[in-house]
Amino acid sequence: MAIDGLVSLIFFGTELAILIVVIIFNRDHPHFWEIVALLSLLQLYQLSEFLICIGVNAGLITRIGFVVITFLPPVGYFLCTRVVKWRFPDYWLGFAIALAFTVYYIFETSSVEIVDCNPFFATYQSTGTISIGTVTNPYELRISVIYGAFYFGSLLYSIWFLVENLIWAKDKIDNKYSIIVLIGFLVFMLPMLLMVIIFPQFAVAVASILCKYALLLAVTLLVFSFIKGKKPLKKAVKV
């Protein structure tokens, strides 16, 4: 009988192998550290989900797992800014928001809880709310809604950012990088979107399933790491 979290364990091993290949063969890639950061986040989440599903300190590891994937969108956008040579450091906003969520998940013990695990994915529940509006007419806004808006909004903005720059940017040096990174985002976002549209019942496990589809992003990053562009010619030394 398959153990709960089995797919997470398999994907962790696969993504770890991809990371090792990148480190061994492609340390000279111009975006090496961004690739390593993304692959590390993906595999750490898979490892955390496996540990959660087999019952290793589920409360703490669940919150750590959410901290890990919270940094995926800002790191992804940071890579996007690098491949299109975007100079304005607006990516710091994403990191600041991710850091705020990190503080919340680490120190609020009931911020997110595991509901169910099976061999393929896990289901989580977040019940935290914040009060907005007036004293006489308050409104409770679920933090999970804010988190979802940040998470998917950041990923969708990254896709739009790449498309816009591919169309309008004057500097065409890294077009091949932009296209590959765009493909990486699309190949794991679109299947998840289609799956939720066709099977709405899977929306409750969107965090876990999206990270499963992110294996396609990891494979794209592996391909990306082998495309290093032309090295500049060295000037001849005058005698």
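## Pockets, hairpin and loops of a predicted chain

Helix α6 gives five residues to the lining of the largest pocket, the largest share of that lining. The model is a predicted one, in which local features need pLDDT of at least 70 and side-chain atom pairs count only at pLDDT 80 or more, while totals for chains, interfaces and linings use all residues. Residues are numbered from 1 along each chain as its sequence is written, and side-chain values use heavy atoms, with hydrogens and water left out.

**Overall organisation**

The chain holds eight helices and four strands, where helices (H or I, at least four residues) and strands (E, at least two) are DSSP runs numbered from the N terminus. Along the sequence these elements follow the order α-α-α-α-α-β-β-β-β-α-α-α. Of the 239 residues in the chain, 45% are buried; buried means under 20% relative accessible area, exposed means over 50%, and partly exposed lies in between (1.4 Å probe, protein chains only). Among contacts (heavy atoms within 4.5 Å) between residues at least 6 apart in sequence, 70% join residues at least 24 apart. The accessible surface of the chain is about 13,200 Å², and 73% of this area belongs to carbon and sulfur atoms; the areas come from the Shrake-Rupley method with a 1.4 Å probe.

**Two pockets**

A pocket is here an open set of points on a 1 Å grid over the protein atoms alone, where a 1.4 Å probe fits and protein lies on both sides within 12 Å along at least five of seven lines; its lining residues have an atom within 4 Å of a point. Volumes are the space filled by probe spheres set on the points, which are joined across faces, edges and corners. The largest pocket holds about 470 Å³ of space. Its lining comprises 19 residues, with F66, S144, V204, V206 and A207 nearest its centre, and the elements giving two or more residues to that lining are α3 (58-70), β2 (122-125), α6 (143-168) and α8 (206-225). The lining divides into 14 nonpolar, four polar and one charged residue, with Ala, Val, Leu, Ile, Met, Phe, Trp, Tyr, Cys and Pro counted as nonpolar, Asp, Glu, Lys and Arg as charged, and the others, Gly among them, as polar.

The second largest pocket holds about 200 Å³ of space, and two or more residues of its lining come from each of α4 (72-83), α5 (91-107) and α6. Among the residues that line the second largest pocket are P73, Y77, D90, F150 and Y157. That lining divides into eight nonpolar, three polar and one charged residue.

**A strand pair**

Strand β1 (residues 113-117) pairs with β2 in the antiparallel sense over four bridges, a pair being two strands between which DSSP finds at least two bridges. The two strands β1 and β2 form a hairpin with four residues between them, and E113 has Q125 in β2 as its bridge partner.

Most residues other than glycine have a negative phi. Two residues with a positive phi, N57 and K85, are set out below.

G55 and D4 are 51 residues apart in sequence, and their C-alpha atoms are 9.7 Å apart in space. In the loop between α4 and α5 lies P89, which is partly exposed with a relative accessible area of 38%.
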